[in-house]
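Hi,

Here is the model I promised to pass on.

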Amino acid sequence: MSKKPAKGEYIETDTGNKVSRKCQIIGTTNIILGGKTVIQAEVIIRGDLLRSVPSSSSSINPSPNDKQQSAVAVAIGRYCFFSRGCALRPPGRSTKGVFSHYPLKISDHVFVGPGSVIEAAILGSHVHIGAGVVVGKFAIIKDYVKVLDGAIIPANMVIPSFSIVGGRPARIVGEIAEGEVDGFDLRDLWRSIGNN
Amino acid sequence: MTSFTPYTYFQCPCTENSTSSRTFGEDLPSPTSDTSEDDRTFDPRAPRAAYSLHPLEHLLYCEDCHQIRCHRCVLDEIVTWYCPNCLFEVPSSSVKSEGNRCTRSCFQCPVCTASLSVSSVALAQTGLGADISAQAGPYVLNCTYCQWSSKEIGIQLEKPNGIYAQLSKVKNGGEPYISAKDRRREDRRDISESPKGPGPNETLDADSQFENLKSFYQSQLADSAPSGGMGFMGGYGYGSPGALSRIMGLYTGSSFGDKKRESKNGNMREVCDSSEGLQLTSTKDDQCAITRIQRVGWEGTASTAQQKEQAQSVRFMDDLRPFSHLLRTKRSKRCRACRHILSKPESKVQNTRFRIRLVARNYIPAITIQPLQQAPTSLLTPMKPVQFVLTVKNPLFESVRVNIATPASTPGRFASKVTVLCPQFEIGASTDMFDEALREGGKEKRRTKAEASEGQLQAEAGKIWERGRNWVSVVVEIVPASLRTDGPEFMKSQQIQKDDGPLREDEDVLEIPVFVRVEWETDAAHEESGGLAAGNKEKELKEKRELAYWCVIGVGRIAQD
């Protein structure tokens, strides 16, 4: 436990990201962080699960920035918060007999609770995901969605904006009221996390 | 023991005029109900209270009535219908004609309600290494959650799109389904070919039976009604003069209604064969069901939750059908009293912004409570005074004066004693974002101040505990009640003497009713409509505002000794 307390738990980058020294980020070159994102201990981000087949549009007319586009496995916006022990995996499936992963896009102000596994295609902005949640492959979660603790979102599910989702399999159990919209802002949470 | 998070619920004034409240197990309204309304303290345990208490986030605020509005005192108006799965906007005209379900390809699993995906059977059979070009052939609906497949009910589709249309043409087991309309057309053709037609005891499916019944009774009503514009002209013609005179006849009991009815009686008759929608039940059907249950067993029967989702009553797993997603709506909200819009979302499905959003948290102070000293357990020890910090945060751009009042002891069987050490104070205005940025500097100062006062561990009566730019916190002293109902008679309160039953659910939660009165001064012109505002600006009229409401603060659970 004499692990140099002076160093602090988090590495703070210039763009305001606070990344725990105890997290596992694999394939860092394929991950984009928008800034001011907190990644806590024991978080796993699988940036190595890259797309192996070129996207159908680029195969028809290859462009110079094609390589750059396909090199992103996980894209994360600003003010996201990944709690202890959650995992981000780009989803994968086989189309026409060939297996490939597809990028995982996460917008701004997304909170992911401890121990949750995210294999979604898109997480919109202002999404709150509770503890122990599984977001299935290629799920699409729109803006202002709250996922209750322990929910299992089946693969390919689409969750519209302003929904409260829970259960196994997850279904829409409620609506976000107008006044709750402001509560999704994670700026204060980002400020509260730090080495001191 | 689950952890307890303190909460604050606000009472919406829309329920205030209902005066009589009863406690559990009491037959007559309590005698306190005849005291004047102002003297009454709000009882959070009254059975009615559960319907009027809301978290601050769920409340709206009407700027014209200057009043809190909850979901019970607003009117909802549907702005947009859309499918929650494909997020496709459905025009309200097609909602009227096609019903409130998605008519595209969005289906839910009949077993677990997860959404179904289309996959080719050919590919599934040959596995991952299948030939790439073999992306054709019959398709099935697959559930990715419970692995249910439409193959189980014998449905395979020819195309991967337009599933709604395809499914409506096929019965479970793969037989083609003939809709009621087509059936009638076919019947007519049959009649022209052979005069006999279908037998009178032909079995019908639910849709065509309903169709037949509806057409039969509509024709009966049309025949029996007096000719001219006096009857039900199809549908529900309750507004027609004929119907009106009939209803009036019912009330007045006059004979002129009866006379008509007598003449009608001869004309009206009931259904008598399947073309009119009559379906005879026989013991054979029951026998069939019983033998089927014996064959398929418990696993083969559908649960009540699964049955509820089906359009027709269904008993067995083999009869379940995939059902399409229910449409969802975006709604705007109006004040019931003055009809002003309180909330209006953008009509586009994908847009999450609001055009109008008058939420209560922008108008009334938020109240939070936390313990002054961090206790080792989350439970409150009975009869031991504890201090809590009550923080009131002002969202308005004007400074407000706040009065807080609590009853000396909480209502209910176990009366805890509550004292607010500083019931009157003033809170500064919530100014711009500019100050928000400076907050980090202020935070440090605040902490040291708190530490300094914590050193004393002494809250003075009549003094504010802490103060921020737009918030003030005061100390509340609470002596939790003992949850014992036994003991000597003279120790008991009147309430327990009356009722010394065992502890009820959540009766150990300490809830304090708090009456909050907020006063502030505002520019009168500020509230006027845009055109007038410019003219009135010179006057600089100050208007006094007042808002008073009850709220309930849940402090914690009391330990049972």
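**What I found**

In chain A, 46% of the 196 residues count as buried, meaning that 20 or more other C-beta atoms lie within 10 Å of a residue's own, with 12 or fewer making it exposed, anything in between partly exposed, and C-beta atoms placed from the backbone. Before you read on: this is a predicted model, where local features need pLDDT of at least 70, side-chain atom pairs count only at pLDDT 80 or more, and totals for chains, interfaces and linings use all residues. Residues are numbered from 1 along each chain as its sequence is written, with chains lettered from A and ligands numbered from 1 in the order in which they are written.

Chain A has 23 strands and 3 helices (DSSP runs, E of at least two residues for strands and H or I of at least four for helices, numbered from the N terminus). Of its contacts with a separation of 6 or more, 39% are between residues 24 or more positions apart; a contact means C-beta atoms, placed from the backbone, within 7 Å.

Now the cores. The largest nonpolar core has 68 residues, and Phe82(A), Val112(A), Val135(A), Ala139(A) and Ile153(A) have the most contacts inside it. By nonpolar core I mean buried Ala, Val, Leu, Ile, Met, Phe, Trp, Tyr and Cys residues joined through C-beta atoms within 7 Å. Strand E13 of chain A (residues 110-112) gives the most to this core, 3 residues. Leaving out residues up to four places away in sequence, Val112(A) touches Phe81(A), Phe82(A), Ser83(A), Cys86(A), Ile118(A) and Ile129(A). A second, separate core has 52 residues, including Cys12(B), Leu56(B), Phe414(B) and Val552(B).

Chain B also has an open sheet of 6 strands, antiparallel, in the order E2-E1-E22-E21-E16-E18. Pairing takes at least two DSSP bridges between two strands. The edges are E2 (53-55) and E18 (424-427) of chain B, each pairing on one side only. Inside the sheet, 4 bridges join E1 (residues 7-11) of chain B to E22 (residues 542-557) of chain B, and Tyr7(B) stands opposite Gly554(B) in E22(B).

As for confidence, the complex gets an ipTM of 0.85 and a pTM of 0.77 from the predictor. Chain B has a mean pLDDT of 75, with 70% of its residues at 70 or more; pLDDT is the predictor's confidence in each residue, from 0 to 100. Over residues 526-538 of chain B the pLDDT is below 50.

Finally, the contact between the chains takes 28 residues from chain B and 21 residues from chain A.

Cheers

Terms used. Two residues are in contact if their C-beta atoms, placed from the backbone, lie within 7 Å.
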